[in-house]
Each structure stands twice: as C-alpha cells, then as structure tokens.
Amino acid sequence: MSSSPVLFLAEIHPDGATTFSPADASAPHVRVDDLGVTRGDGIFESVAVVDGHPQSLRHHLERFARSAALLELPAPDTAAWAQAVADAAAAHASAPELLAKLVLTRGVEGGDVPTGWVHVFPAHDYGSQRTAGIDVLVLERAYPSDVVTRAPWLLQGAKTLSYALNTAAQRYARAHGADDVVFVSSDGDVLEGPNSTVLARLADRWVTPPPDLGILDGTTAGRAFAWAAGRGDRTEVARLRVDDLRVADAVWLLSSGRLSAPVRSLDGVPRPTDAALQAELLHHLLTVHD
Ligand code: PLP
C-alpha cells in the first residue's frame, strides 16, 4: 500500500486489448514527442475515489469512450481501464477522498499506438468551496448552442486534454475577484463551468443543461439527480438562460473533485444559497457509493 501517488501504465495492443502495469509515479514516463504533450491531443477522466470506491466509474468510462470516438481514437478497453482504476485505488494508502485520473493520448508522433495511464493521488481540499460557496462570473464561450452539429471539429462535449482555455477562464475569474466561471453560448444558453456542471434549483425542479449543447454529461450531476429523485423531487435536463440562474432558489457547480459548491454570487451580485440542501446533497455525494 503506497502513501504516495500510484501510477499504472497502459500497454495498448493493436487489437485494442489493454494491459496495465504499476510504475513509479515520481519518474518520467511520457515522451516529449507524445501528441498528448505537444498538441493536447487526447482525452481524460477524473474519477473521485471516496473511501476507496471509484464513484460512477461506469458513467466515467462511457464518457471516456464517447470522447475517444469524437477524437477518432481507438475505443478504450473498458474492462481493463475499470480494473486498472480499481487496482490503483486499492494500491494507494486509504484516504477519504482520492482522485483517479485516466489519460489516453494519440501517442508518439508518427506512431500509431496510443499512450495511456491511470494515476491515483490525494484530492485537492475543496472544503471552503463546499461550505462558504463560490463567486462566479458568467463568461462567453462564444460558440452557438448548435456547435455540436454545426462544427463537430471543435470537439465540444469531448473531455479532451486541451484545457488551456478552461484554465485561462478560471484565471480570468480570479483576476476579477471571482472563484469560477459559468460559460454561456453566443445565443444565451447556460452551458457549464470550465470543469463543472451547472445545477439549479427552481421552485420544485432541479435543472441541469443538456449535453447536446456541446457540454459534458456530468457524472456528479447524474449522482445529484439520483439523490433528488430519491427524495421525491422533479429533475429535468433542460435549457437555462442566465436570467434563470439569477432567479433560481439556489445554484451549484458540481464536479467529481469538488462534488458540490453553492454559488453565492453571480457577476458580483449576491444570490441565495441553501445550506440545508447543500449539506444533504454533499452528504449523499460523500457517503453513497455508486
Ligand atoms: N464540464 C467540464 C468541462 C468538466 O471538465 C467537468 C469535470 O471536470 C464537468 C463538467 C463535471 O463532470 P463530472 O461531474 O463528471 O466531474
């Protein structure tokens, strides 16, 4: 059992079958001409490992496979990746919250073998975001809401390694006194955060925007919906406008690592949060293993 990060490297065979073997996470392994490094040409998933259990692993692996298809990468050997996540999580010293990062790149330039690995490490501490909430800016993604069909080469909806734009948006938010971002389409649809899904509580409904807007199908939102449905609430995957977020009873950003963070202001305007609902939702996300 390792108290430092755990790494399993993939060996991807010509027929797609994949085997994993443990490697030293503190040693270099990726070549400088790997297209994942030089072009961000690849995909990833970040899976929360809560009390040793990889949460929503099947949903993550389905999304991983969809991202691979969108980038025309070979289909991941799902059973092998699932086993590697389980083995890597089990090999790490136990901790309440770990993260398992799955990476698949197009491989070394000029070759035709993808590069892949599973890396398990302690999760960032999101304690204060979960309790105090976050200040959010609404920023333009500047793509239309039909970007998926109009311009599929933009890969919206795939979880690619090209996250420089996402982190730039978060730096912009921090430089302007906020913690995070909600993107809107050029025609005014609420999309997602740079690394999160938007969830709104509107009267008796829980709403999150639809993936066909070119956003990720959030695994944490899926878990939140299961919780909401379990308490008898209405859940809807539906379009939202920014004005809906302004009048919503409560808004959250959800992601595998932070789980749920209440949005306490939007574009500098304070908005209500619901501490009791946040406590109940977070408790579900931290204690129910699915
Ligand atoms: N949208 C984007 C762009 C993301 O990067 C993420 C996660 O990192 C999410 C949404 C939330 O997805 P999940 O809840 O599966 O972590």
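Of the 17 residues around the ligand, which come nearest?

## Residues around the ligand

Tyr 163, Glu 192, Thr 219, Thr 220 and Ser 256 come nearest among the 17 residues around the ligand, where a residue counts as near if one of its heavy atoms lies within 4 Å. This is a predicted model, in which local features need pLDDT of at least 70 and side-chain atom pairs count only at pLDDT 80 or more, while totals for chains, interfaces and linings use all residues. Residues are numbered from 1 along each chain as its sequence is written, and side-chain values use heavy atoms, with hydrogens and water left out.

An N or O atom in the side chain of Tyr 163 is 2.5 Å from an oxygen atom of the ligand, and for the side chain of Thr 220 the corresponding distance to a ligand oxygen is 2.6 Å. A polar side-chain atom of Glu 192 lies 2.8 Å from a nitrogen atom of the ligand. On its own the ligand has 390 Å² of accessible area, of which the protein covers 95% (Shrake-Rupley method, 1.4 Å probe). At least two residues of the shell around the ligand are supplied by each of helix H2 (57–70), H7 and S12; helices (H or I, at least four residues) and strands (E, at least two) are DSSP runs, numbered from the N terminus.

## Ser 67 in helix H2

Ser 67 is found in helix H2 and is buried, with a relative accessible area of 1%; buried means under 20% relative accessible area, exposed over 50%, and partly exposed in between (1.4 Å probe, protein chains only). The side chain of Ser 67 reaches the backbone nitrogen of Lys 159 at 3.0 Å. Not counting residues up to four places away in sequence, Ser 67 touches Ile 43, Ala 158 and Lys 159, contact meaning heavy atoms within 4.5 Å.

Leu 277, Gln 278, Leu 281, Leu 282, His 284 and Leu 285 are buried in H9. They lie on the same side of H9 because they cover an arc of only 155° around the axis, taken from the directions from the helix axis to the C-beta atoms. On the other side of H9, Ala 275, Ala 276 and His 283 are exposed. The cover over the buried residues of H9 includes helix H7 (219–230) and strand S12 (250–255).

Trp 252 lies in strand S12 and is buried, with a relative accessible area of 1%. Its side chain makes a polar contact with the side chain of Gln 278 at 2.8 Å; such a contact is a pair of N or O atoms within 3.5 Å, and within protein one must be able to donate a hydrogen and the other to accept it, while residues adjacent in sequence count only if both atoms are side-chain atoms.
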